Amino acid sequence: MSEKTLTRMDLSEAVFREVGLSRNESAQLVESVLQHISDALASGETVKISSFGTFSVRDKAARIGRNPKTGEEVPIHPRRVLSFRPSHLMKDRVASGDQG
Amino acid sequence: MIRSELIQKIAEENPHLYQRDVERIVNTIFEEIIKAMARGDRVELRGFGAFSVKRRDARVGRNPRTGESVDVDQKSVPFFKTGKLLRDRLNGK
């Protein structure tokens, strides 16, 4: 395994190669895709991208947590968390190393 | 929101682009993330989150119906960790 870390720059480079846009505009498009997904999730919407996966927002109830170092009890407030469920296609391709 | 709605939103914001190019752009972004994970790479999108691959070791599983032992091979599974900024936004911060 190569274990490299890709960033926004690599995604915009891929967009740049795929469509004849400037690097700058490619970067802005990557940003607006992430922004739209974030906005939808922040408003409580589920985001379902076919053959990629589903992002959904879940409500977590309040509970009593414990500081593992001191053993002290701390209240954990109710909160919203994001969960990502990969599509079957993604799971299969990741499991088999299928780079398409 | 589904993929086509996302494409629609991006298209509306970019009237100078053809709809089919917007589709290619959006699809390229998701495809690139899957390709990276298929290679075993991580994709870190600051503020949004990070996609990575977790290795699950081979183990002996059990057929829950029959109780029979089955060998489960090691496998790689996709994993997503929410970024701090997005996590805070979900909680109205």
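**How chains A and B meet**

User: Which residues in H3(A) and H2(B) meet, and what makes that a contact?

Analyst: In this predicted model, Leu89(A), Met90(A), Arg93(A) and Val94(A) in H3(A) meet Glu31(B), Ile34(B), Lys35(B), Met37(B) and Ala38(B) in H2(B). Contact means heavy atoms within 4.5 Å, so these residues qualify. By class, that's six nonpolar, no polar and three charged residues; Ala, Val, Leu, Ile, Met, Phe, Trp, Tyr, Cys and Pro count as nonpolar, Asp, Glu, Lys and Arg as charged, the others, Gly among them, as polar.

User: What makes Glu18(A) and Arg24(B) a salt bridge?

Analyst: The closest N and O atoms of Glu18(A) and Arg24(B) are 3.3 Å apart. The cut-off is a Lys or Arg side-chain nitrogen within 4 Å of an Asp or Glu carboxyl oxygen, so the pair passes. The count between chain B and chain A is three salt bridges.

User: What is the area buried between chain B and chain A, and what does "buried" mean here?

Analyst: About 4700 Å², with carbon and sulfur atoms giving 67%. Buried area is the accessible area (1.4 Å probe) lost when two parts are put together, summed over both, so the value covers both chains. Met1(B), Ile34(B) and Leu90(B) supply 15% of what chain B buries against chain A, more than any other three residues.

User: How are residues and chains labelled, and which atoms count?

Analyst: Residues are numbered from 1 along each chain's sequence, and chains are lettered from A and ligands numbered from 1 in written order. Side-chain values use heavy atoms, without hydrogens or water; local features need pLDDT of at least 70 and side-chain atom pairs 80 or more, while totals for chains, interfaces and linings use all residues.

How values were computed: Helices (H or I, at least four residues) and strands (E, at least two) are DSSP runs, numbered from the N terminus.
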